[in-house]
Every structure is written in C-alpha cells, then in structure tokens.
Amino acid sequence: MSKWYSGQGNNSDVVLASKIRLARNLDKVPFPCKMSNEIRKSVCRKIFAALQNSELGGEFDLIELSNLSDIQKTALVEKGYISAQMARQPRYSAVLLSKDESCSIMLCEEDHIRLCVMNAGEDLKEAYKKADKIDNVLIKNMKIAFDDKLGFLTSNPIHLGTGMKASVALHLPAVSERNMMPALSAMVGKLGFSIKPLFSGCGDFYELSNEISLGITEESALDNLTAICKQIVSQERKFRTELMEYADFEDKIFRAMGTLKMARKLSTKEFLDLISLARLGISMNTFDISYENIGNMIHSLGSASIISEAETEFTPDDADRMRAQYVRENIG
C-alpha cells in the first residue's frame, strides 16, 4: 500500500502537505492528566474497540507506547504521528495508525483523542473529509463531550469550539531568501493564523495554521486558510522566478545537489538545508527528480527513524552515513 507522503497533490511545488487535527474527549470522563494508568489503558482500548467495531474495522493498528523503546518513540515524533510531549510522558498512552499512515490518533495525550489526517499537497478539504468520517464514527459509537455554547470540550480552552486545527506545510525558500518571513508572520498573525518553522529552522520549510477554533465553523476556517495559502503560493512562485535570474543563487542550488549526490555523511540539519535547495531546483525544472521522491526522503530520514529501522545497533554517526547513502541511491 502506497503511503501518503509518497504522493503528489495540488501545488506540490510549494505545498508539501495538508493536515487536519481534531481534539475530542469522552463525556463525563476526567481529562488524561487526572487519570490513573489503569483508567488510561481502559479508555484507550475503548476508543480502539469503537473503531474496530465500525466500518473502519481493520484500518488501524494499536501501538502502545509502553512497548516501545525511546528511539522508537522519537521516530514516531519525527514522522508526526505523536507529539514530543506524548513521547516523554511516563504514563500509559497509545496511538492508532492507519495502514497508509495518513491518519494517526493519539490516545490519552492532552485530550482523550487527538485525530490527525494528512494529505500530500494542498487539499485541506479532502483531509477534512477523511477526518470528519472518522470523527463521525467516534461520535456515533461513543458519547463525546460537547456543549451547545462552547462546542467540543477540550483540556486546553484554546481548542474549544470546533476542536480543529488545520495547517499546510509550505516550502518557502524564495520568501526566506528575501528575509520576508518576519513580515509574513506578522501579517498572518493579524488574521488569526500562525506560520512557524516546520523542522526547528532546518531548511526553508514552514507550517501555516489556524489559531482560532471558537465561534467559527470548520468550513470557514478551511476557506480562510486556503485563501491565505494560495496568496503565499503565488508570492513564493513570483520570487522564485526572480531568484533564478541570479547566477550566484543558481550556483548555490547546483552545489547543494552535488553535495547530496556525493556526500558520505549528512546530518539531519545539513540534509534538510540541502534538500530544500534541491527541491527549489526541481520546481524550476533544473533537476529531474519527483516531489514524491523528495517527500519520501524527508519523511523517512530522521536519525531516530533510521536507527529504529536498523537490524543492528546504530549510533547517530552511523545514521549520518546511512542517510547519505540513502540519498545517493535515490537521487544519484
């Protein structure tokens, strides 16, 4: 079965992925921070059973974090299936992961249910359609905490209302090169959105998200985010065309691709910085490599992911070598 990150969607030259997250809680059940391990385990298995006994039965695997090593948990964080907070918490928790890895459901993190659906490219409405289908199954099979005035009840008041956070992962090397990210961040902030680095400042990858979920419908939130996303995509493309007129920047892109093809060691930061430039070259028809190939590498080549997949014991230094080898084999 093909994975979501190996696909290509709308405006893939700028938009890597669309993501919908929904926060839900069971009615008249304490929030996870107030629950014992036994109750947490019972709640997790109740939610899993609700999905298994529905039309979605067999689509999800239950992963109990207590059965994983620290490096395996970190790998799940790298892939976006669980939060760093969830990986660190000592109490019982679990995650449900769909077969194609497009949907993950954190159980007993901050809320009882944190549903996340991802699609390649710009397609928030399709991602929401998938998330809404799963949400409806949960609501049908369990009593979900809801208030007529406040909407879905969540442990953090910020998420009251729809309980939805929508976001798009953006590749903005040209906007960044012009040092316009601070101005862009201030502009979207005034409109109720945020834009933040996707990989802790490695590469020119950013996540644009809605910050308001109370007093607004899901449809309005998606329409507003899509409209802003389209404006940013248009601006990024305009700046890219201007950038490629500079020989020094073109040389920078070719040097990045040369390093990726020849390097014997690549740290995570160096890989993301270089792949960002290479991806820009692809969008300008400089390199004949697919976005699917790039997406698969970005998703799979975190250090913890490489180490957890190894059959023998690996060190971070070994991971840097394996990352370089994988890149050479895939773009050489």
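Contact here means heavy atoms within 4.5 Å. Keep that cut-off handy, and remember as you click around that this is a predicted model.

**Stop one: helix 10.** Select residues 291-300. Eight of the ten residues in this helix are buried: Tyr291, Asn293, Ile294, Asn296, Met297, Ile298, His299 and Ser300. Now show what surrounds them. These buried residues pack against two strands, strand 1 (15-24) and strand 10 (205-210), and also against helix 9 (268-283), helix 11 (303-309) and helix 12 (316-331).

**Stop two: across strands 1 and 10.** Stay with those strands and pick Glu207 and Lys19. They form a salt bridge, with the closest N and O atoms 3.7 Å apart. Glu207 is in strand 10 and Lys19 in strand 1, so this pair ties together parts that lie 188 residues apart in sequence. Glu207 and Lys19 are both buried. It's one of 23 salt bridges in the structure.

**Stop three: inside helix 7.** Jump to residues 218-243 and show the side chains of Glu236 and Arg240. They meet in a salt bridge at 2.7 Å, N to O. Are these two buried or exposed? Glu236 has 0% relative accessibility, so it counts as buried; Arg240, at 2%, counts as buried too. The two sit four residues apart, about one turn of the helix. An α-helix has 3.6 residues a turn, so residues three or four places apart point the same way.

**Stop four: a charged network.** Staying with salt bridges, select Glu109, Glu110, Asp111 and Arg114, which shared partners join into one network. Zoom in on Asp111 and Arg114, whose side chains meet at 2.9 Å, N to O. Asp111 is buried at 0% relative accessibility, and Arg114 is buried at 16%.

**Stop five: the aromatics.** The whole structure has four aromatic pairs. Begin with Trp4 and Tyr5, an edge-to-face pair at 5.8 Å centre to centre, with 85 degrees between the planes. Both Trp4 and Tyr5 are buried. Next, select Phe254 and Phe287: their ring centres are 5.3 Å apart and their planes at 75 degrees, so this pair is edge-to-face as well. Phe254 is in helix 8 (residues 247-262) and Phe287 in the loop between helix 9 and helix 10, so look for a link between distant parts of the chain, 33 residues apart. Phe254 is partly exposed at 43% relative accessible area, whereas Phe287 is buried at 13%.

**Last stop: a charge over a ring.** Finish on Arg24 and Phe152. The charged end of Arg24 sits over the Phe152 ring, 3.5 Å from its centre.

Terms used:
Residues are numbered from 1 along each chain as its sequence is written. This is a predicted model: local features need pLDDT of at least 70, side-chain atom pairs count only at pLDDT 80 or more; totals for chains, interfaces and linings use all residues. Side-chain values use heavy atoms; hydrogens and water are left out. Buried means under 20% relative accessible area, exposed over 50%, partly exposed in between (1.4 Å probe, protein chains only). A salt bridge is a side-chain nitrogen of Lys or Arg within 4 Å of a carboxyl oxygen of Asp or Glu. Rings of Phe, Tyr and Trp (its six-membered ring) pair if their centres lie within 6.5 Å; planes under 30 degrees apart count as stacked, over 60 as edge-to-face and the rest as tilted. A charge sits over a ring if NZ of Lys or CZ of Arg is within 6 Å of the ring centre and within 35 degrees of the ring normal.
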